[in-house]
Amino acid sequence: MAQRAPHSPLRTTGWLQGWRLTFGGENVGFEGALATVVEDADEHVFVVLYDVPEFDEQALDEWEGAALGVYRKIRVRIATLDGDVLAWLYVLDAYEGGLPSARYLGILADAAERAGAPDDYVKDLRTRPCKSLGD
């Protein structure tokens, strides 16, 4: 976020209830499948919320390929320590499946750890199946 939306300060963290982290769109990712979420009543995803001004939002839309149909933005309710908040997130517009690269998965796990995700959540990210760039 610091590179793609430099004017967007971290607001808080929370949980996206009723969704799970997964991967898809292996054919559009440079190194493998891309992160997304899908609805799943029994799961939850740790998230970081940012205050994003309009000009940073436009930059993120471009980076995430929203205009190209790679990701689409949806509104979701996030459970935070201060109560529920409404936020938008990008959801991959592709079928679920495929493996992320080890590098990409490491970036996600490192970011979750820095943001204060529970240790078991970070461990689960670090032990998910992935592929090396030589695969």
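This is a predicted model: local features need pLDDT of at least 70, side-chain atom pairs count only at pLDDT 80 or more; totals for chains, interfaces and linings use all residues.
**The cores.** Next I asked where leucine 16 belongs. Leu16 is among the residues with the most contacts inside the largest nonpolar core, along with Trp19, Val37, Val45, Val76, Ile78 and Leu89. I noted 25 residues in this core. Strand 2 gives the most, with six residues. I also came across a second, separate core of six residues, including Ala5, Tyr71, Tyr90 and Leu92.

**Glycine 18.** Then I turned to glycine 18, which sits in strand 1 (residues 10-24). Beyond four places in sequence, glycine 18 touches Val38, Glu39, Asp40, Ala41 and Glu43. I also checked aspartate 42: its C-alpha atom and that of glycine 18 are separated by 6.0 Å, though the two residues are 24 residues apart along the chain.

**Aspartate 56.** My last stop was helix 1 (residues 54-63), where aspartate 56 lies. Is aspartate 56 buried or exposed? I wrote down buried, because its relative accessible area is 3%, and the cut-off for buried is under 20%. Which residues does aspartate 56 touch, not counting those up to four places away in sequence? My list reads Ala5, Pro6, His7 and Ser8. I had already met Ala5 in the second core.

Note on methods
Residues are numbered from 1 along each chain as its sequence is written. Side-chain values use heavy atoms; hydrogens and water are left out. Helices (H or I, at least four residues) and strands (E, at least two) are DSSP runs, numbered from the N terminus. Contact means heavy atoms within 4.5 Å. A nonpolar core is a set of buried Ala, Val, Leu, Ile, Met, Phe, Trp, Tyr and Cys residues joined through side-chain atoms within 4.5 Å. Buried means under 20% relative accessible area, exposed over 50%, partly exposed in between (1.4 Å probe, protein chains only).
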